[in-house]
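Reader: I want to learn how to read pockets and ring pairs in a model. Can we start with the pocket?
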Amino acid sequence: LRGEVEELSGKVDRVTKEKAAASERLAALEAEYKVYKNLADTPGDLMDQLNKLAMLEADKAAVSSRLNAAEEDLENNKELVGTLKEQVKGLKQKLARAENTRRKLHNELQECKGNIRVFARVRPAEERCVMAVDEHSGEVKVPYNGVQHAFTMDRAFNLRSSQEDVFAEVSQFVQSSLDGFNVSLFAYGQTGSGKTHTMFGSSPTDLGIIPRSIKQILETVEEQKENNWEYALEASFLEIYQEQVFDLLCPEGEREGRKYTIVAGENGRNDVTDL
């Protein structure tokens, strides 16, 4: 519909220009008509003057007809543009209602899946310490003292699972954050178990959860601008090591002597002072 509105607006401009040109042509013909009429009233080649006068009369009538048609076309196009603008306005209202419904259903779906979910990801290793991974049931089997022990999670990723596979499972959490809900995701495991690879990735072609999440957020914000949505984005990046908080976005020269305290903020959220 926006395309039609733009096309019709262009057509309205063209018709308006044609109308102006036709009006100028009509004024010129009327002036020329007066000149020939005066000449026709004087002695000379009267028949030739009369022929020219007749041609001018016909030309004037044709231009007047085109001018009337252009004016009528202009009015019709203006009415159509007004109608289309009303339709666009109505569709935007329907889109806003549909978006609110989608958010509500998305949140209900996430609650049905469980507000707290645990995933396991197995990385390749020289020594085989995981005996079996069942992605569908989320079961991981590991040996201990010659006996297999099965652990069941909400989802399990085997060593062939890609970064895309993992992010496809957690991207719905990112959407929930854009819908206004608090979301937390963290990686837990021993040193060398693959936390950094999963969260950051190893190369621009093998990105992890954090850069993919930021990309999804920025792309969604850009898309929603067309629907008159506005987002205010803030980001912090901290590390807690040996019970101490480190602000990773603070320049090194300003870190000396800074003390950070974790306090209860608004809506039950934990905030870090001076971050």
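Author: Helix H5 gives the most to the lining of the largest pocket, with six residues. Helices (H or I, at least four residues) and strands (E, at least two) are DSSP runs, numbered from the N terminus. This is a predicted model: local features need pLDDT of at least 70, side-chain atom pairs count only at pLDDT 80 or more, and totals for chains, interfaces and linings use all residues. Residues are numbered from 1 along each chain as its sequence is written, and side-chain values use heavy atoms, without hydrogens and water.

Reader: What is the volume of the largest pocket?

Author: Rolling a probe the size of a water molecule over the atoms shows where empty space is left. Here the volume is about 2,600 Å³. A pocket is an open set of points on a 1 Å grid over the protein atoms alone, where a 1.4 Å probe fits, with protein on both sides within 12 Å along at least five of seven lines; lining residues have an atom within 4 Å of a point. Of the 44 lining residues, the closest to the centre are Val183, Ser184, Leu185, Ala235 and Ser236.

Reader: How many aromatic pairs are there?

Author: Rings of Phe, Tyr and Trp (its six-membered ring) pair if their centres lie within 6.5 Å; planes under 30 degrees apart are stacked, over 60 edge-to-face, the rest tilted. The count is two. Phe119 and Phe157 are edge-to-face, 6.2 Å centre to centre, with 85° between the planes. Phe119 lies in strand S1 and Phe157 in strand S5, so the pair ties together parts 38 residues apart in sequence. Phe200 and Phe237 are also edge-to-face, at 6.4 Å and 65°.

Note on methods: Points joined across faces, edges and corners; volume = space filled by probe spheres on them.
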